[in-house]
Structures are given as C-alpha cells and as structure tokens.
Amino acid sequence: MTADYKVHGDIAVLTLNNPPVNGLGYATRLALTDGLAKADADASVKAIVITGAGKAFSGGADIKEFGSPTALQEPNLLSVILMIENSSKPVIAAIHSVCMGGGLELALGCHYRIAAPGCSVALPEVKLGLVPGAGGTQRLPRALGVEPALNMIVSGEPVKSELLAMLPGQQLFNKMATSNESLAEEALLYARSVAETRPLPLVRNLPCKHPQGDAYFQFARNMVGGMSKNFPAPLKCVDVVQAATTKKFDDGMLFERESFINLMWTPECRALRHIFMAQRAASKIPDVSADTPQRAINSVAIIGAGTMGGGISMNFLNAGIAVKILEMKQEALDRGIATIRKNYEAQVKKGKLKQDKYEQRMSLLSTTLSYDDLKDADMVIEAVFEEIGVKEAVFKELDRVMKPGAILASNTSTLDVNKIASFTKRPQDVVGMHFFSPANVMKLLEVIRGEKTAKDVLATVMALAKKIKKTAVVSGVCDGFIGNRMIEQYGRQGGFLLDEGCTPAQVDKAVEKFGFAMGPFRMGDLAGNDIGWAIRKRRYLEKPDMKYSKTADLLCEKGRFGQKTGAGWYDYVAGKRDAIPNAEVVKMIEDHRAALGITPRKISDEEIVQRLVYSLVNEAAHILEEGIASKASDIDMVYLMGYGFPIWRGGPMNYADEVGLFNVVQAMHRFAKNPLDDAKFWQPAPLLAKLAAEGKTFN
Ligand code: NAI
C-alpha cells in the first residue's frame, strides 16, 4: 500500500505512504483514487483529509519513475486532481514538512488546505528544465497572488509555509496548524467545520489578475531572461503564469501542458534531468551497499597548512567537525591559520557568516607540530608537498601514531595512492581524497580507491563528503585520476591549436561561447602554468613518443606562470582577474610557428570546440573502459562540478550522447588526418567505437 485509508468518526483520512518523501508514483496515485472512491461511497464519511506519513506531505514526482512509461500511466496526477475537484465531499490537504512539485499541485486541487509551520513549499520543476505540469502554474497564482507565485515558479526555491501564510489575500492556506504534532488533530477539526459547506471552493475559480498586466510580465521577462541565458524553462514559466492571467483556466491548463511537453524534449531539460540522476548515482558504488558499515568521524587531522590544507580544514570546521592541523614549523602554522581567519572574516564582512558562527568554527580548530598529538583523530588528510619522498615520510609517521581504524587519506593530485598505501602497514585504511582548489569553495571531491582500500573506508568517506557538502565521485588509481587525466588531453589540443594558427584569446572565446566558465588558457593562468610545465617535463621522460606543442614551455621559460606572476598567456593588473591579451605572447607563438615551418590557417570556432571537447570524450572513454570510473555519469559530474563544463550541456559524456557518438567518431577520424595533430590519440577508444557502431550512448 502506498496510501493508507482510515476513517475517524465521519472523516476519512488518506495518508500518502511512499517513503522517503511520498513521491506520487503510479501505485500511490492508484491508492489515492481508490481511497477517494471509497470515501465517496461511504455515506458516513462527510469529508476527506489527505496527508503524508513520515517526513513529508509529498515531495512530488517519484524519482524512481523518472523517464519510465508509468510516470504518465493513468491515473496520472492531472486525473487524480480532477477527481478531487469533482468530489462531492470536501477534500482537505493537511500539509507538513515538505510540499513540493506534484505534492503542491495535488494540495492546490483540494478544496481546502491546512498547513503546519516550518513546511518547505516549492514548485521546483524549473530546476529540471521544466514548467510545473499538473496545474501548478495556473492554480498557484490564483491561490497566492501572481507575483509571489511567479517568483516561486521561476526560482524553484522553497519558501516556508508560515511566510506564505502571511501574504495579504493569500488563499493557499485556509488555516495554519499550531505544529506538526497537532496537525492531524487540527485537520480533523477543520474538516468537520467545513463538512457541510456548499458549494465547495475550487482554486481554479479564483480570479487571477495583475494590475500592471503586460508591463509587469515584460519586466519579469527582462529579469528572468538575463539570469537564465541558456535555459528555456524560466522564460516559459513567465509565459505560462501570464497565461493564467489572460486565458480561461482550461485554456491556461492546455498551454501549461503543451509547454511542459515541449520543454521535456529540449537538450537543456535532458541535461538537467541527467545531472539530477547523475548526482544521486555518484554516491552509489557498485560493490559497496547502503548496509556497508561506516567508521565514526568526529575529529580530523590535516597535515600541511598550505593552499589545500587550509581550505580542506574549513570544510570540516563548517560542518562542526574538530580539526587539528600539523605543520613542520610554527611560522607555517601561523600563516595557514591567518589565511583561514582571513577567509572567514571576508565572509563575515559580506554578511555571509555571523560573527558567533565564525568564532564557533575557529574554536574547533587546533594546531600542533608533533605527530604524537594526532593519535586520537578519527581520520587524517595529508596535504603536503607533491613529492613521493615527502609523502613516504609523512605516511610512515602516520602509521606509527594514528589509532587503529583511523582513516589515512592523501590529497595527492598525481601520485600513486597504492604506493602511498604501501608505506603503511594498513593499506586497507588508506584512500585518496582529491579536493579541488579553492578547497573550501569547489564542490568536487575525487575519492581515489586504492587496490586495498576497505569498503567501509570508502563508505565512510562518501558519507563524510555529503556532510561537508561535496559531490564525491570515486576514481580508480591512475595518473591524473579522472579529471586531470582528461584535462591533459584537452591542454594538448589547446597547444596544437596555437601551433596551427589560433591565438589564446580565440581559443578561449570559442570555448567560453560553448559555455565553459573559462577557456583553457585563462584556466592555465588561474591554476598556474608551472603546474602543467612540471607534468610535461615528467611526460617527456616517461612517454617520449607522446606529441606535445612546445609553446607553453616557451611561455614558462619567460616566467609567465599566470595570475600569480601577473603575466601568463595574458597580462593581469594586480588585484584584478581580467585577462588582457599580450602582443609579445602572440608574437612568441607566431615565431615558434614559423620556426616549425607551419603556415597558419584560419580555424573555425566549431573545430576548436570539437577538438577540445572530443579530446575529453575520447580519454573519458578509455577511463570508463579501464574501470577507473564506474559509470559515464560520474565523469560528467567531475566535469560539471570541478571543471566548469556548461551545466545545460550535462557534462562531456552527455554532450557526446546528444551529438551522437557516430558523429563524434566521424569527427575524430577527420582530426586524425591532420598532420599537425596526434593521429594516434584520435583513434576512437574501443568502447567509444563499439557504442558508436551499435548506435548506443554512454549514459
Ligand atoms: P602548498 O605548498 O601550498 O602547501 C604544502 C604545505 O605542506 C606547506 O605549508 C608545507 O610547509 C607543508 N609541509 C610540507 N612537508 C611537510 C611535512 N613533512 N609535514 C608537515 N607539513 C609539511 O601545497 P598545496 O598546493 O596545498 O598542495 C598540497 C597537496 O595537495 C599536494 O599533494 C598537491 O598535489 C595537492 N593538490 C593541490 C592542488 C592545488 O590546486 N594547489 C589541488 C589538488 C591537490
């Protein structure tokens, strides 16, 4: 049963019961219509209360049904709502905790609504690239007023029930209950008080007008259009809400339906739905179940108070977890703590953090110069210099002092986690936790699973990631893990494009127009061009056959490391991040090109984008095939959360699926014919070739 039916005296109570949030899946809808029919047939029942069991009234659509035919199977939500509206007995929604999407639409179809305070109320469909599709856009403006309804529909953000109840003239909530606990009792009393009222009120019959009409909606369009550039849904929300004010209710409903269905087929909506599912899927590891035990983490030690150590510490302090930082020298500790303070103080100044919260967080932080002080920590994260010898010394010390069962993590960005684990006598407790810089801001965390990493260590780290509000993606051990291994190929293509005729600004502009937050050269300047240089120097020894453009090395030889030196591919004015093209750099590229005997050619933006993005895709296909990533959607999450890949394109794998893998492979064959490119790299990865040949997709 997904809805329970009980009669309390003369009131029937239908309780949605589909954990965790009473999603309105097929079985629940069926149980609702059965219950309504039963109540209608029972002469002793005078009114019907619909409420939700557990943690929600209803969270809306059942995500288990996403994309499946049962989502639309009759009775669909529109039919259920129609049945409620046509009920001969009053139907009262008793709302608490969470009332969102289809849940709110269901409530709006009821004759009356009583709500507990503290309930999160929202129509979040826009976040999935849609407009609400079961009357929300037509009923909410009638019940709440046009402006607040439009704000909710366009933003998708939840608003607390008690705030909505204060809006003048609102008819969303006919009554506010005192508390969650008293809701059931108060709903019964309220139901009895309206049991005999006729005719039954319907939200659809309420007037819906805005005094400024067209002018208001034009203003709304200007605001929304500016903010939602690449997504069609927010502007569509304005259209459908305007329709509520200009069309008859049933015509407005038809327009809403048509808009919903049209949006459903847009690539932007598919991308957002893909991300929604990918985000949930990322925390699922094939051989680690929800029942895998977890270790308790109440305190964390951090080794190194540099760029990463400081940022990583802040994540735990923010989550209320005690942190102890270890450094080699007091000065390094002082510097690290000062940076953490500076970051928090900036937040306080901007009003993003309250002074007492700041002090509370700092009180959880302590420092030490002695490893022996770490013996009580439940977990340690190492963030010292990226040298295997230094890591070895640190992990041997950690092995000596940490208590049994403590998790030993490394933030290494390139080193072999298996090797690091081998420095200890407890490789099962060792794991990689690759944070991204700035670690207190960036949402991505690559969790590196070593050959011997225990399942409970993985389960613990994934749960902890959630606690510190990171999107964690598991990667196997390989050079660069998922994200940086792919970006190396992208960087290589960037270099070839310069050699063949592009300027850094041209490449960056093309990629930024595609939607990346930053093109490869601006990104290099931000991260520091010396980092890529160090990796290339290593590669020249490890993989002498691999082809690289030498242009970036020439740039580094000039000391142009990027923003930190005030000069990189571009020039920078101190304190500002604007990238100013530099004529000398362009000349350096031209001279190098001439020295190689290359006649520059004009390269289209389309070719630039394809070469850069498909280089990511091809490397990702190898990563997937090797089992470094367990699913394509994990790779999408890495690029969306850590590398500024445009959200509305859903990540590189989703984008390749949209383009069609056949077309991607054809482009690769074309690129392979370019003598200035790397023909070997452009051989499609076997997995990609196979999927393309079979007409399949990654996701
Ligand atoms: P950093 O140079 O800013 O900080 C390293 C800190 O470790 C310094 O404060 C140093 O005094 C301390 N340290 C060195 N040896 C130590 C030892 N034996 N015991 C205690 N403390 C010691 O370096 P950063 O950038 O914070 O990098 C740290 C680690 O994080 C490296 O493994 C790096 O590859 C990785 N990483 C760096 C990213 C970045 O963007 N900077 C991104 C992701 C990972």
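Q: How are the residues numbered, and which pLDDT limits apply?
A: Residues are numbered from 1 along each chain as its sequence is written. The model is predicted: local features need pLDDT of at least 70, side-chain atom pairs count only at pLDDT 80 or more, and totals for chains, interfaces and linings use all residues.

Q: What describes two packed helices?
A: The angle between their axes and the distance between the axes. Helices are DSSP runs of H or I, at least four residues, and strands are runs of E, at least two; both are numbered from the N terminus. Axes are lines fitted to C-alpha atoms, for helices over the stretch in contact, and angles run from 0 to 180 degrees between N-to-C directions. Here, helix H19 (residues 504–514) and helix H24 (residues 605–625) have axes that come within 9 Å and cross at roughly 75°. That makes H19 roughly perpendicular to H24 (65 to 115 degrees).

Q: Which residues make the contact of H19 and H24?
A: Two residues are in contact if their C-beta atoms, placed from the backbone, lie within 7 Å. H19 brings Val507, Ala510, Val511, Lys513 and Phe514, and H24 brings Asp605, Ile608, Val609 and Leu612. By class, seven are nonpolar, none polar and two charged. Ala, Val, Leu, Ile, Met, Phe, Trp, Tyr, Cys and Pro count as nonpolar; Asp, Glu, Lys and Arg as charged; the others, Gly among them, as polar.

Q: At what angle do H24 and helix H28 pack?
A: At about 100°, with axes 7 Å apart; H28 spans residues 686–693. The two are therefore roughly perpendicular to each other. Asn618, Ala621, Leu624 and Glu625 of H24 meet Pro686, Leu687 and Leu688 of H28. This contact has five nonpolar, one polar and one charged residues.

Q: What is the strand order in the open sheet?
A: Strands pair if DSSP finds at least two bridges between them. This sheet of three strands runs S5-S7-S8, with mixed pairing. S5 (98–100) and S8 (159–160) stand at the edges, each with a single partner, so one side of each lacks a neighbour in the sheet. Three bridges join S5 to S7 (residues 120–122), and the two run parallel. Val98 stands opposite Ser120 in S7. Helix H3 (residues 102–109) lies across S5 and S7, at about 85° to S5.

Q: Is Arg538 buried or exposed?
A: Residues with 20 or more other C-beta atoms within 10 Å are buried, those with 12 or fewer exposed, and those in between partly exposed; C-beta atoms are placed from the backbone. Arg538, in helix H21 (residues 529–542), has 12, so Arg538 is exposed.

Notes: Angles under 35 degrees count as roughly parallel, over 145 as roughly antiparallel, 65 to 115 as roughly perpendicular and the rest as oblique.
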